[in-house]
Amino acid sequence: MSEHFSSTLHTGSDHSGQVDAVVVGAGFAGLYMLYKLRLLGLRVQVFEANADVGGTWYANRYPGLRCDAESVEYSYSWSEDLQQDWCWSERFATQPEILSYIRHVAERFDLRRHIQFDTRVSSAVFDEARGLWQVRTDQGNAISARYFIMASGCLSSARLPSFEGLETFEGDCYHTVDWPKAGVDFRGKRVGIIGTGSTGVQLIPVAAQQAEHLYVFQRTPAYVVPARNAPLEADYVSRIKNDYVAIRAVARQQGLGLYPRPTESAVEVSPETREQTFERQWSVGGPQFMFTYKDMLTNKEANQYAVDFLHRKIRSIVTRPEVADELCSHDYPVGAKRICVGTDYYETYNRDNVSLVNVRKSPIERIVPKGIRTRDGDYALDAIVFATGYDAMTGALLDVDIRGLGGRRLADKWAAGPQNYLGVSVSEFPNFFMITGPGSPSVFSNVVLSIEQHVDWVSDCLQYMQEKGWSRVAVKEQAVLDWVEHVNQVANSTLIPQANSWYVGANIPGKPRVFMPYVGGVGPFRKKCDAEAESGYASFEFSAV
Ligand code: N01
(Lines give C-alpha, C1' and ligand atoms only; values in the text may rest on other atoms or scores of the structure.)
Protein backbone atom coordinates (compact mmCIF):
# COMPACT_ATOMS: atom_id res chain seq x y z
CA MET A 1 0.00 0.00 0.00
CA SER A 2 1.08 3.59 -0.53
CA GLU A 3 3.08 5.35 2.16
CA HIS A 4 0.93 8.43 1.71
CA PHE A 5 -2.60 8.61 2.90
CA SER A 6 -5.80 9.79 1.38
CA SER A 7 -7.84 12.44 3.15
CA THR A 8 -10.55 9.88 3.97
CA LEU A 9 -8.49 8.24 6.68
CA HIS A 10 -9.64 8.55 10.24
CA THR A 11 -7.71 10.81 12.55
CA GLY A 12 -8.47 9.55 16.03
CA SER A 13 -11.35 9.20 18.44
CA ASP A 14 -14.82 10.30 17.42
CA HIS A 15 -17.13 12.33 19.67
CA SER A 16 -18.40 9.27 21.51
CA GLY A 17 -14.87 8.49 22.70
CA GLN A 18 -14.58 5.27 20.75
CA VAL A 19 -11.83 4.17 18.41
CA ASP A 20 -10.84 0.90 16.83
CA ALA A 21 -7.49 0.74 18.55
CA VAL A 22 -5.69 2.40 21.42
CA VAL A 23 -1.91 2.21 21.23
CA VAL A 24 0.22 3.03 24.27
CA GLY A 25 3.56 4.66 23.44
CA ALA A 26 4.92 6.72 20.57
CA GLY A 27 8.43 5.33 20.29
CA PHE A 28 9.69 3.14 17.48
CA ALA A 29 6.99 0.53 18.20
CA GLY A 30 3.99 2.81 18.68
CA LEU A 31 4.69 4.89 15.58
CA TYR A 32 5.00 1.92 13.27
CA MET A 33 1.94 0.27 14.84
CA LEU A 34 -0.03 3.44 14.24
CA TYR A 35 1.15 3.59 10.65
CA LYS A 36 0.07 -0.01 10.00
CA LEU A 37 -3.29 0.31 11.71
CA ARG A 38 -4.04 3.37 9.60
CA LEU A 39 -3.27 1.35 6.49
CA LEU A 40 -6.01 -1.05 7.65
CA GLY A 41 -8.38 1.94 7.79
CA LEU A 42 -8.71 1.76 11.56
CA ARG A 43 -9.34 4.76 13.81
CA VAL A 44 -6.40 4.91 16.17
CA GLN A 45 -5.65 6.84 19.33
CA VAL A 46 -2.08 6.80 20.61
CA PHE A 47 -1.31 7.94 24.15
CA GLU A 48 2.24 8.95 25.00
CA ALA A 49 3.41 9.88 28.49
CA ASN A 50 6.23 12.10 27.19
CA ALA A 51 5.77 15.50 25.55
CA ASP A 52 6.83 14.21 22.15
CA VAL A 53 7.56 11.09 20.11
CA GLY A 54 10.67 8.97 20.74
CA GLY A 55 9.90 6.80 23.78
CA THR A 56 13.07 5.88 25.63
CA TRP A 57 15.07 8.00 23.12
CA TYR A 58 13.03 11.01 24.23
CA ALA A 59 13.40 10.45 27.98
CA ASN A 60 17.06 9.45 28.01
CA ARG A 61 19.27 12.46 27.27
CA TYR A 62 22.29 11.91 29.45
CA PRO A 63 25.59 13.02 27.91
CA GLY A 64 27.37 10.24 26.05
CA LEU A 65 24.18 8.42 25.09
CA ARG A 66 24.32 6.78 21.73
CA CYS A 67 22.97 3.57 20.32
CA ASP A 68 25.13 0.49 20.62
CA ALA A 69 23.74 -1.02 17.42
CA GLU A 70 24.95 0.35 14.08
CA SER A 71 22.84 3.25 12.82
CA VAL A 72 22.32 1.81 9.37
CA GLU A 73 20.74 -1.25 11.01
CA TYR A 74 18.99 0.38 13.97
CA SER A 75 16.40 2.14 11.83
CA TYR A 76 13.13 1.34 10.10
CA SER A 77 13.23 -0.83 7.01
CA TRP A 78 9.55 -0.57 6.05
CA SER A 79 9.92 2.45 3.82
CA GLU A 80 12.48 2.24 1.05
CA ASP A 81 12.14 5.99 0.43
CA LEU A 82 12.82 6.71 4.08
CA GLN A 83 15.89 4.50 4.31
CA GLN A 84 17.26 5.97 1.09
CA ASP A 85 16.63 9.57 2.11
CA TRP A 86 17.81 9.51 5.71
CA CYS A 87 21.55 9.99 6.26
CA TRP A 88 23.10 8.73 9.47
CA SER A 89 26.24 10.64 10.28
CA GLU A 90 28.04 8.20 12.58
CA ARG A 91 28.52 4.47 13.00
CA PHE A 92 26.68 4.61 16.34
CA ALA A 93 24.14 7.42 16.34
CA THR A 94 23.84 9.85 19.23
CA GLN A 95 20.55 10.22 21.10
CA PRO A 96 19.82 13.62 19.48
CA GLU A 97 20.29 12.14 16.02
CA ILE A 98 18.02 9.18 16.77
CA LEU A 99 15.40 11.49 18.23
CA SER A 100 15.50 13.73 15.17
CA TYR A 101 15.08 10.61 13.00
CA ILE A 102 11.99 9.53 14.96
CA ARG A 103 10.59 13.07 14.74
CA HIS A 104 11.23 13.08 11.02
CA VAL A 105 9.27 9.83 10.67
CA ALA A 106 6.35 11.24 12.68
CA GLU A 107 6.21 14.29 10.43
CA ARG A 108 6.91 12.59 7.13
CA PHE A 109 4.06 10.12 7.66
CA ASP A 110 1.77 12.64 9.37
CA LEU A 111 1.49 10.57 12.54
CA ARG A 112 1.31 13.25 15.23
CA ARG A 113 -2.35 14.05 14.76
CA HIS A 114 -3.28 10.64 16.22
CA ILE A 115 -1.13 11.07 19.32
CA GLN A 116 -2.07 12.68 22.60
CA PHE A 117 1.13 13.62 24.42
CA ASP A 118 1.77 14.18 28.12
CA THR A 119 -0.80 11.49 28.80
CA ARG A 120 -0.19 8.30 30.73
CA VAL A 121 -2.65 5.43 30.35
CA SER A 122 -3.66 4.38 33.84
CA SER A 123 -6.04 1.48 33.21
CA ALA A 124 -7.50 -0.70 30.49
CA VAL A 125 -10.41 -2.96 31.40
CA PHE A 126 -12.01 -5.42 29.00
CA ASP A 127 -15.79 -5.06 28.83
CA GLU A 128 -16.88 -8.60 27.99
CA ALA A 129 -20.43 -7.74 27.00
CA ARG A 130 -19.40 -5.15 24.44
CA GLY A 131 -16.10 -6.73 23.49
CA LEU A 132 -14.36 -3.42 24.03
CA TRP A 133 -11.42 -2.17 26.07
CA GLN A 134 -12.25 0.73 28.38
CA VAL A 135 -9.13 2.83 28.58
CA ARG A 136 -8.51 5.62 31.08
CA THR A 137 -5.67 8.09 31.34
CA ASP A 138 -4.21 10.38 33.97
CA GLN A 139 -5.55 13.32 31.94
CA GLY A 140 -9.14 12.19 32.42
CA ASN A 141 -9.64 10.49 29.04
CA ALA A 142 -12.12 7.63 29.01
CA ILE A 143 -12.16 5.94 25.65
CA SER A 144 -13.26 2.55 24.40
CA ALA A 145 -11.44 0.55 21.78
CA ARG A 146 -11.80 -2.81 20.08
CA TYR A 147 -8.05 -3.39 20.31
CA PHE A 148 -5.63 -2.42 23.05
CA ILE A 149 -1.97 -2.48 22.09
CA MET A 150 0.93 -1.88 24.45
CA ALA A 151 3.88 -0.48 22.52
CA SER A 152 5.38 0.84 25.72
CA GLY A 153 8.95 -0.38 25.31
CA CYS A 154 11.07 -2.95 27.11
CA LEU A 155 13.33 -0.43 28.83
CA SER A 156 11.12 2.49 29.72
CA SER A 157 10.10 2.05 33.34
CA ALA A 158 12.93 3.56 35.37
CA ARG A 159 14.23 1.91 38.50
CA LEU A 160 15.36 3.94 41.48
CA PRO A 161 16.48 1.66 44.31
CA SER A 162 15.13 2.67 47.69
CA PHE A 163 18.23 4.21 49.25
CA GLU A 164 17.61 5.21 52.82
CA GLY A 165 18.06 8.91 53.47
CA LEU A 166 17.73 9.94 49.83
CA GLU A 167 15.37 12.77 50.73
CA THR A 168 17.98 14.25 53.07
CA PHE A 169 20.60 14.81 50.35
CA GLU A 170 21.38 18.52 50.01
CA GLY A 171 22.90 18.33 46.53
CA ASP A 172 21.33 17.56 43.14
CA CYS A 173 19.96 14.14 42.18
CA TYR A 174 19.46 12.85 38.66
CA HIS A 175 18.21 9.62 37.12
CA THR A 176 19.64 8.98 33.67
CA VAL A 177 16.19 7.98 32.41
CA ASP A 178 14.79 11.41 33.25
CA TRP A 179 17.63 13.74 32.31
CA PRO A 180 16.96 17.50 32.40
CA LYS A 181 16.31 18.86 28.92
CA ALA A 182 18.54 21.86 29.60
CA GLY A 183 21.46 19.55 30.41
CA VAL A 184 23.56 19.42 33.56
CA ASP A 185 26.80 21.27 34.26
CA PHE A 186 29.12 19.17 36.42
CA ARG A 187 32.00 21.66 36.27
CA GLY A 188 33.54 22.23 39.69
CA LYS A 189 31.33 19.56 41.27
CA ARG A 190 31.99 16.36 43.15
CA VAL A 191 29.78 13.85 41.39
CA GLY A 192 28.79 10.30 42.32
CA ILE A 193 27.45 7.89 39.71
CA ILE A 194 25.75 4.73 40.94
CA GLY A 195 25.59 1.98 38.34
CA THR A 196 27.94 0.61 35.70
CA GLY A 197 25.58 -0.98 33.14
CA SER A 198 25.33 0.28 29.54
CA THR A 199 24.12 3.66 30.78
CA GLY A 200 26.83 4.25 33.39
CA VAL A 201 29.49 3.07 30.97
CA GLN A 202 28.45 5.72 28.45
CA LEU A 203 28.02 8.53 30.98
CA ILE A 204 31.13 8.00 33.14
CA PRO A 205 33.82 9.09 30.61
CA VAL A 206 31.87 12.23 29.69
CA ALA A 207 31.07 13.18 33.28
CA ALA A 208 34.73 12.63 34.22
CA GLN A 209 35.80 15.29 31.74
CA GLN A 210 33.62 17.87 33.49
CA ALA A 211 33.47 17.00 37.16
CA GLU A 212 35.98 18.24 39.67
CA HIS A 213 35.98 14.71 41.01
CA LEU A 214 33.94 11.69 39.91
CA TYR A 215 33.21 8.76 42.20
CA VAL A 216 31.92 5.66 40.42
CA PHE A 217 29.96 3.40 42.78
CA GLN A 218 30.30 -0.02 41.18
CA ARG A 219 28.55 -3.12 42.44
CA THR A 220 29.10 -5.43 39.47
CA PRO A 221 31.80 -4.72 36.89
CA ALA A 222 30.56 -4.65 33.31
CA TYR A 223 32.39 -6.16 30.37
CA VAL A 224 33.03 -3.23 28.07
CA VAL A 225 34.22 -3.36 24.48
CA PRO A 226 35.30 -0.21 22.64
CA ALA A 227 32.70 1.30 20.30
CA ARG A 228 35.26 2.68 17.85
CA ASN A 229 32.60 5.06 16.73
CA ALA A 230 33.45 7.12 13.66
CA PRO A 231 31.75 9.26 11.04
CA LEU A 232 30.17 7.13 8.31
CA GLU A 233 31.99 7.39 5.03
CA ALA A 234 30.03 8.26 1.91
CA ASP A 235 31.22 5.17 0.02
CA TYR A 236 30.14 2.84 2.80
CA VAL A 237 26.72 4.48 3.05
CA SER A 238 26.15 4.33 -0.66
CA ARG A 239 27.14 0.64 -0.74
CA ILE A 240 24.59 -0.04 2.02
CA LYS A 241 21.90 1.99 0.31
CA ASN A 242 22.44 0.27 -3.01
CA ASP A 243 21.88 -3.04 -1.31
CA TYR A 244 19.54 -2.07 1.53
CA VAL A 245 16.67 -4.39 0.65
CA ALA A 246 18.95 -7.43 0.51
CA ILE A 247 20.82 -6.41 3.68
CA ARG A 248 17.56 -6.10 5.60
CA ALA A 249 16.34 -9.44 4.26
CA VAL A 250 19.48 -11.16 5.52
CA ALA A 251 19.27 -9.42 8.91
CA ARG A 252 15.72 -10.72 9.41
CA GLN A 253 17.03 -14.29 9.31
CA GLN A 254 20.05 -13.76 11.56
CA GLY A 255 20.56 -14.38 15.25
CA LEU A 256 20.25 -10.87 16.60
CA GLY A 257 19.12 -9.32 13.36
CA LEU A 258 22.48 -7.58 13.19
CA TYR A 259 25.58 -9.62 12.55
CA PRO A 260 26.22 -12.84 10.64
CA ARG A 261 26.35 -15.89 12.89
CA PRO A 262 29.94 -17.07 13.36
CA THR A 263 30.67 -20.63 12.33
CA GLU A 264 33.84 -21.43 14.29
CA SER A 265 34.08 -22.74 17.84
CA ALA A 266 36.41 -21.01 20.30
CA VAL A 267 37.48 -24.34 21.76
CA GLU A 268 38.47 -25.86 18.44
CA VAL A 269 40.98 -23.28 17.29
CA SER A 270 44.58 -22.84 18.47
CA PRO A 271 45.32 -20.35 21.27
CA GLU A 272 47.21 -18.15 18.77
CA THR A 273 44.31 -18.06 16.31
CA ARG A 274 41.86 -17.34 19.13
CA GLU A 275 43.93 -14.46 20.42
CA GLN A 276 44.33 -12.97 16.95
CA THR A 277 40.61 -13.28 16.25
CA PHE A 278 39.59 -11.67 19.54
CA GLU A 279 42.15 -8.96 18.89
CA ARG A 280 40.69 -8.33 15.44
CA GLN A 281 37.16 -8.04 16.87
CA TRP A 282 38.41 -5.74 19.62
CA SER A 283 39.93 -3.45 17.01
CA VAL A 284 36.71 -3.48 14.93
CA GLY A 285 34.78 -2.53 18.08
CA GLY A 286 31.09 -2.73 18.88
CA PRO A 287 28.93 -5.46 20.37
CA GLN A 288 29.79 -8.00 17.68
CA PHE A 289 32.65 -8.99 19.95
CA MET A 290 30.08 -11.50 21.27
CA PHE A 291 29.90 -12.88 17.73
CA THR A 292 33.54 -13.87 17.52
CA TYR A 293 32.81 -17.57 18.03
CA LYS A 294 29.57 -19.49 17.74
CA ASP A 295 29.81 -21.06 21.20
CA MET A 296 30.66 -18.04 23.34
CA LEU A 297 27.20 -18.07 24.91
CA THR A 298 26.77 -21.82 25.10
CA ASN A 299 30.10 -23.27 26.17
CA LYS A 300 31.73 -22.29 29.48
CA GLU A 301 35.23 -22.87 28.21
CA ALA A 302 34.63 -20.75 25.10
CA ASN A 303 33.14 -18.00 27.26
CA GLN A 304 36.08 -18.12 29.67
CA TYR A 305 38.50 -17.52 26.79
CA ALA A 306 36.63 -14.33 26.00
CA VAL A 307 36.57 -13.31 29.68
CA ASP A 308 40.33 -13.91 29.97
CA PHE A 309 40.95 -11.83 26.85
CA LEU A 310 38.86 -8.95 28.23
CA HIS A 311 40.63 -9.10 31.59
CA ARG A 312 43.99 -8.90 29.82
CA LYS A 313 42.72 -5.86 27.94
CA ILE A 314 41.55 -4.16 31.15
CA ARG A 315 44.92 -4.78 32.80
CA SER A 316 46.75 -3.43 29.77
CA ILE A 317 44.71 -0.20 29.77
CA VAL A 318 44.21 0.60 33.45
CA THR A 319 47.51 1.71 34.94
CA ARG A 320 46.74 1.12 38.62
CA PRO A 321 46.68 -2.69 39.07
CA GLU A 322 44.36 -2.56 42.09
CA VAL A 323 41.81 -0.56 40.08
CA ALA A 324 42.15 -2.91 37.11
CA ASP A 325 41.43 -5.83 39.45
CA GLU A 326 38.22 -4.17 40.67
CA LEU A 327 37.09 -3.67 37.06
CA CYS A 328 37.43 -7.37 36.23
CA SER A 329 34.28 -9.37 36.75
CA HIS A 330 34.49 -12.93 37.96
CA ASP A 331 30.93 -13.87 38.77
CA TYR A 332 29.07 -14.16 35.48
CA PRO A 333 29.77 -15.23 31.89
CA VAL A 334 30.45 -12.42 29.43
CA GLY A 335 27.26 -11.74 27.48
CA ALA A 336 24.99 -13.09 30.23
CA LYS A 337 24.44 -9.46 31.11
CA ARG A 338 24.26 -7.34 28.03
CA ILE A 339 27.77 -6.51 26.87
CA CYS A 340 28.49 -2.80 27.15
CA VAL A 341 29.94 -0.66 24.41
CA GLY A 342 32.00 2.30 25.53
CA THR A 343 34.38 5.03 24.48
CA ASP A 344 37.44 5.51 26.70
CA TYR A 345 35.66 3.68 29.51
CA TYR A 346 38.62 1.87 31.04
CA GLU A 347 40.98 4.77 30.16
CA THR A 348 38.81 7.04 32.32
CA TYR A 349 39.97 5.20 35.46
CA ASN A 350 43.53 6.48 34.79
CA ARG A 351 42.40 10.04 35.43
CA ASP A 352 43.39 11.63 38.72
CA ASN A 353 39.89 13.00 39.21
CA VAL A 354 38.18 9.58 39.05
CA SER A 355 37.81 7.10 41.92
CA LEU A 356 36.25 3.67 41.72
CA VAL A 357 34.30 2.66 44.82
CA ASN A 358 33.57 -1.05 45.14
CA VAL A 359 30.12 -1.17 46.74
CA ARG A 360 30.01 -4.93 46.59
CA LYS A 361 32.84 -4.99 49.18
CA SER A 362 31.63 -1.92 51.02
CA PRO A 363 27.90 -1.50 50.35
CA ILE A 364 26.08 1.81 50.28
CA GLU A 365 24.44 2.12 53.69
CA ARG A 366 22.50 5.31 53.14
CA ILE A 367 22.44 8.70 51.49
CA VAL A 368 23.42 11.44 53.94
CA PRO A 369 22.88 15.21 53.56
CA LYS A 370 26.43 15.70 52.25
CA GLY A 371 26.81 12.60 50.10
CA ILE A 372 26.89 8.79 50.20
CA ARG A 373 27.76 6.67 53.22
CA THR A 374 29.24 3.24 52.53
CA ARG A 375 30.18 0.71 55.15
CA ASP A 376 33.79 1.91 55.01
CA GLY A 377 33.23 5.65 54.95
CA ASP A 378 31.49 8.75 53.61
CA TYR A 379 31.89 10.34 50.16
CA ALA A 380 31.15 14.06 50.05
CA LEU A 381 29.19 14.90 46.89
CA ASP A 382 27.48 17.84 45.20
CA ALA A 383 25.48 15.63 42.82
CA ILE A 384 24.36 12.00 42.65
CA VAL A 385 23.44 10.31 39.39
CA PHE A 386 21.43 7.11 39.45
CA ALA A 387 22.29 4.96 36.42
CA THR A 388 20.40 2.11 38.03
CA GLY A 389 18.42 0.89 35.04
CA TYR A 390 14.88 -0.28 34.49
CA ASP A 391 12.12 -2.56 35.59
CA ALA A 392 12.71 -4.20 32.25
CA MET A 393 10.23 -5.88 29.92
CA THR A 394 7.29 -6.13 32.30
CA GLY A 395 7.62 -2.81 34.17
CA ALA A 396 5.86 -0.57 31.66
CA LEU A 397 3.19 -3.22 30.98
CA LEU A 398 2.33 -3.63 34.64
CA ASP A 399 2.44 0.11 35.32
CA VAL A 400 -0.97 0.10 33.62
CA ASP A 401 -3.83 -1.61 35.46
CA ILE A 402 -4.79 -4.04 32.68
CA ARG A 403 -7.77 -6.31 33.36
CA GLY A 404 -8.99 -9.09 31.08
CA LEU A 405 -11.84 -11.61 31.32
CA GLY A 406 -13.58 -11.69 34.68
CA GLY A 407 -11.75 -8.52 35.70
CA ARG A 408 -8.53 -10.50 36.13
CA ARG A 409 -5.51 -8.23 36.56
CA LEU A 410 -2.51 -8.86 34.33
CA ALA A 411 -0.31 -8.24 37.37
CA ASP A 412 -2.02 -11.17 39.16
CA LYS A 413 -1.93 -13.43 36.14
CA TRP A 414 1.79 -12.74 35.85
CA ALA A 415 2.56 -13.07 39.55
CA ALA A 416 4.91 -15.97 38.78
CA GLY A 417 6.24 -14.50 35.52
CA PRO A 418 5.05 -13.01 32.23
CA GLN A 419 3.19 -15.95 30.69
CA ASN A 420 2.21 -15.24 27.10
CA TYR A 421 2.42 -16.51 23.55
CA LEU A 422 5.16 -15.26 21.17
CA GLY A 423 5.60 -12.19 23.37
CA VAL A 424 2.48 -10.76 21.77
CA SER A 425 -0.67 -12.24 23.30
CA VAL A 426 -1.97 -13.27 26.73
CA SER A 427 -4.72 -15.83 27.31
CA GLU A 428 -7.88 -14.40 28.94
CA PHE A 429 -6.95 -10.97 27.54
CA PRO A 430 -8.83 -10.81 24.22
CA ASN A 431 -7.84 -8.22 21.61
CA PHE A 432 -4.81 -7.25 23.67
CA PHE A 433 -1.40 -7.21 22.00
CA MET A 434 2.11 -6.39 23.16
CA ILE A 435 4.86 -5.23 20.82
CA THR A 436 8.17 -6.93 21.70
CA GLY A 437 6.74 -8.28 24.92
CA PRO A 438 8.59 -10.74 27.16
CA GLY A 439 8.98 -14.07 25.37
CA SER A 440 10.06 -12.44 22.10
CA PRO A 441 13.58 -11.58 20.82
CA SER A 442 13.01 -7.91 21.70
CA VAL A 443 16.00 -6.75 23.77
CA PHE A 444 18.04 -9.72 22.61
CA SER A 445 18.06 -8.48 19.05
CA ASN A 446 18.12 -5.37 16.93
CA VAL A 447 14.96 -4.18 18.63
CA VAL A 448 13.81 -2.01 15.71
CA LEU A 449 13.86 -5.06 13.47
CA SER A 450 11.95 -7.06 16.10
CA ILE A 451 9.43 -4.26 16.50
CA GLU A 452 8.75 -4.31 12.78
CA GLN A 453 8.27 -8.09 12.81
CA HIS A 454 5.81 -7.95 15.70
CA VAL A 455 3.88 -4.98 14.30
CA ASP A 456 3.60 -6.67 10.91
CA TRP A 457 2.37 -9.85 12.56
CA VAL A 458 -0.28 -8.04 14.62
CA SER A 459 -1.54 -6.04 11.67
CA ASP A 460 -1.68 -9.17 9.48
CA CYS A 461 -3.73 -10.85 12.20
CA LEU A 462 -6.14 -7.89 12.34
CA GLN A 463 -6.44 -7.86 8.57
CA TYR A 464 -7.24 -11.58 8.65
CA MET A 465 -9.97 -10.84 11.18
CA GLN A 466 -11.35 -8.05 9.00
CA GLU A 467 -11.53 -10.43 6.05
CA LYS A 468 -13.31 -13.10 8.12
CA GLY A 469 -15.69 -10.65 9.81
CA TRP A 470 -14.30 -11.45 13.27
CA SER A 471 -13.88 -8.89 15.99
CA ARG A 472 -12.49 -10.87 18.91
CA VAL A 473 -9.30 -12.88 19.19
CA ALA A 474 -7.77 -14.64 22.19
CA VAL A 475 -4.86 -17.01 22.45
CA LYS A 476 -5.45 -20.50 23.87
CA GLU A 477 -3.96 -21.29 27.26
CA GLN A 478 -2.13 -24.38 26.01
CA ALA A 479 -0.24 -22.34 23.39
CA VAL A 480 0.94 -20.03 26.17
CA LEU A 481 2.13 -22.92 28.36
CA ASP A 482 4.00 -24.52 25.45
CA TRP A 483 5.62 -21.23 24.44
CA VAL A 484 6.80 -20.40 27.95
CA GLU A 485 8.36 -23.85 28.19
CA HIS A 486 10.09 -23.36 24.85
CA VAL A 487 11.44 -19.91 25.81
CA ASN A 488 12.90 -21.41 28.99
CA GLN A 489 14.35 -24.44 27.22
CA VAL A 490 16.13 -22.26 24.69
CA ALA A 491 17.44 -19.92 27.39
CA ASN A 492 18.64 -22.83 29.54
CA SER A 493 20.62 -24.25 26.64
CA THR A 494 22.80 -21.12 26.92
CA LEU A 495 24.86 -19.48 29.67
CA ILE A 496 22.70 -16.35 29.62
CA PRO A 497 20.39 -17.11 32.57
CA GLN A 498 23.42 -17.54 34.83
CA ALA A 499 23.83 -13.83 35.59
CA ASN A 500 21.75 -11.82 38.02
CA SER A 501 20.62 -9.54 35.23
CA TRP A 502 17.54 -7.59 34.30
CA TYR A 503 16.92 -10.33 31.69
CA VAL A 504 15.79 -12.47 34.63
CA GLY A 505 14.30 -9.64 36.69
CA ALA A 506 17.08 -10.00 39.29
CA ASN A 507 17.51 -6.21 39.60
CA ILE A 508 14.02 -5.72 41.03
CA PRO A 509 13.44 -6.92 44.60
CA GLY A 510 10.52 -9.37 44.69
CA LYS A 511 10.27 -9.79 40.92
CA PRO A 512 9.92 -13.47 39.99
CA ARG A 513 13.16 -14.83 38.56
CA VAL A 514 12.06 -15.75 35.06
CA PHE A 515 14.15 -15.45 31.92
CA MET A 516 12.24 -12.98 29.74
CA PRO A 517 13.67 -12.45 26.24
CA TYR A 518 13.56 -15.15 23.57
CA VAL A 519 17.16 -16.03 22.71
CA GLY A 520 16.50 -18.47 19.89
CA GLY A 521 17.22 -15.77 17.28
CA VAL A 522 15.09 -13.50 15.16
CA GLY A 523 15.12 -15.88 12.18
CA PRO A 524 13.72 -18.93 14.01
CA PHE A 525 11.28 -16.68 15.90
CA ARG A 526 9.98 -15.18 12.67
CA LYS A 527 9.47 -18.69 11.27
CA LYS A 528 7.38 -19.64 14.31
CA CYS A 529 5.25 -16.51 13.99
CA ASP A 530 4.82 -17.05 10.26
CA ALA A 531 3.85 -20.69 10.83
CA GLU A 532 1.20 -19.56 13.30
CA ALA A 533 -0.30 -17.20 10.71
CA GLU A 534 -0.09 -19.81 7.95
CA SER A 535 -1.97 -22.30 10.14
CA GLY A 536 -4.90 -19.85 10.18
CA TYR A 537 -3.83 -18.79 13.68
CA ALA A 538 -4.48 -22.26 15.05
CA SER A 539 -3.41 -21.26 18.56
CA PHE A 540 -6.09 -18.57 18.71
CA GLU A 541 -9.85 -18.51 19.05
CA PHE A 542 -11.84 -15.98 17.05
CA SER A 543 -15.42 -14.81 17.30
CA ALA A 544 -17.66 -12.12 15.91
CA VAL A 545 -18.41 -10.38 19.22
O1 N01 B 1 20.81 -0.52 33.56
P2 N01 B 1 21.44 -1.89 34.14
P3 N01 B 1 21.31 0.40 32.36
N4 N01 B 1 23.53 -0.17 44.50
O5 N01 B 1 20.32 -2.55 34.87
C6 N01 B 1 23.60 -0.88 39.44
C7 N01 B 1 19.91 -0.61 27.42
N8 N01 B 1 20.75 0.53 27.15
O9 N01 B 1 20.43 1.55 32.32
O10 N01 B 1 24.65 -5.15 38.22
C11 N01 B 1 24.54 -0.15 43.63
O12 N01 B 1 22.11 -2.67 33.08
C13 N01 B 1 23.65 -2.25 38.87
O14 N01 B 1 24.49 -3.09 39.62
P15 N01 B 1 24.23 -4.71 39.61
C16 N01 B 1 20.75 -1.88 27.38
O17 N01 B 1 19.97 -2.93 26.88
C18 N01 B 1 21.17 0.67 25.90
O19 N01 B 1 22.77 0.62 32.46
O20 N01 B 1 22.75 -4.90 39.84
N21 N01 B 1 24.41 -0.35 42.32
C22 N01 B 1 24.16 -1.93 37.47
O23 N01 B 1 25.55 -1.73 37.46
C24 N01 B 1 21.06 -2.08 28.84
O25 N01 B 1 21.42 -3.40 29.19
C26 N01 B 1 21.97 1.70 25.57
O27 N01 B 1 25.07 -5.23 40.69
C28 N01 B 1 23.17 -0.58 41.85
C29 N01 B 1 23.46 -0.61 37.16
O30 N01 B 1 23.07 -0.06 38.41
C31 N01 B 1 19.77 -1.62 29.47
O32 N01 B 1 19.38 -0.49 28.71
C33 N01 B 1 22.37 2.63 26.52
C34 N01 B 1 22.06 -0.59 42.69
C35 N01 B 1 22.20 -0.80 36.34
O36 N01 B 1 22.55 -1.37 35.12
C37 N01 B 1 19.87 -1.23 30.92
O38 N01 B 1 21.07 -0.49 31.08
C39 N01 B 1 21.90 2.48 27.80
C40 N01 B 1 22.27 -0.40 44.07
N41 N01 B 1 21.27 -0.43 44.93
C42 N01 B 1 21.09 1.43 28.11
N43 N01 B 1 20.97 -0.84 41.93
C44 N01 B 1 22.41 1.80 24.17
O45 N01 B 1 23.53 2.01 23.89
C46 N01 B 1 21.40 -0.96 40.67
N47 N01 B 1 22.74 -0.81 40.62
C48 N01 B 1 21.42 1.56 23.12
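Predicted model: local features only at pLDDT ≥ 70, side-chain atom pairs only at ≥ 80, totals over all residues.
Student: Let's start with Arg91. Why is Arg91 called buried?

Tutor: Its relative accessible area is 12%, and buried means under 20%, so Arg91 counts as buried. You'll find Arg91 in the loop between α3 (80–85) and α4 (95–108).

Student: What makes Val284 a polar contact of the Arg91 side chain?

Tutor: The backbone oxygen of Val284 lies 2.8 Å from a polar atom of that side chain.

Student: Which other residues is Arg91 in contact with?

Tutor: Leaving aside neighbours within four places in sequence, the list includes Ala69, Glu70, Ala227, Asn229, Leu232 and Gln288.

Student: Leu232 is on that list. How do you know that Leu232 is buried?

Tutor: Leu232 has 19% relative accessibility, and the cut-off is under 20%, so Leu232 counts as buried. Its place is in the loop between β10 and α6 (234–242).

Student: How far apart are Leu232 and Arg91, in sequence and in space?

Tutor: They're 141 residues apart in sequence, but 5.6 Å apart in space, C-alpha to C-alpha. Beyond its sequence neighbours, Leu232 also touches Val72, Trp88 and Val237, among others.

Student: And Val225, why does that count as buried?

Tutor: Its relative accessibility is 2%. Buried means under 20%, so Val225 qualifies. Val225 is found in strand β10 (residues 224–226).

Student: Which residue is 62 places from Val225 in sequence yet 7.0 Å away in space?

Tutor: That's Pro287, going from C-alpha to C-alpha. Pro287 is also one of the contacts of Val225, along with Trp282, Phe289, Leu310 and Ile339, among others.

Student: Now Asp118. Why is Asp118 called partly exposed?

Tutor: Asp118 has a relative accessible area of 44%. Buried is under 20% and exposed is over 50%, with partly exposed in between, so 44% lands in that middle class. Asp118 sits in the loop between β3 (115–116) and β4 (121–127).

Student: What is the phi of Asp118?

Tutor: It's near 50°, a positive value in a residue other than glycine. Leu422 isn't a glycine either, and its phi is about 60°, also positive.

Student: Is Leu422 buried or exposed?

Tutor: Buried: its relative accessibility is 1%, and the cut-off is under 20%. Leu422 is found in the loop between α13 (410–413) and β18 (432–434).

Student: What classes of residue make up the shell around the ligand?

Tutor: There are eleven nonpolar, nine polar and six charged residues. Helix α5 (residues 198–210) gives the largest share, three residues.

Key:
Residues numbered from 1 in each chain as written. Heavy atoms only, no water. Helix = DSSP H or I, 4+ residues; strand = E, 2+ residues; numbered from the N terminus. Nonpolar A, V, L, I, M, F, W, Y, C, P; charged D, E, K, R; others polar. Buried < 20%, exposed > 50% of the residue type's maximum accessible area, 1.4 Å probe, protein only. Polar contact = N/O pair within 3.5 Å; in protein donor to acceptor, adjacent residues only side chain to side chain. Contact = heavy atoms within 4.5 Å.
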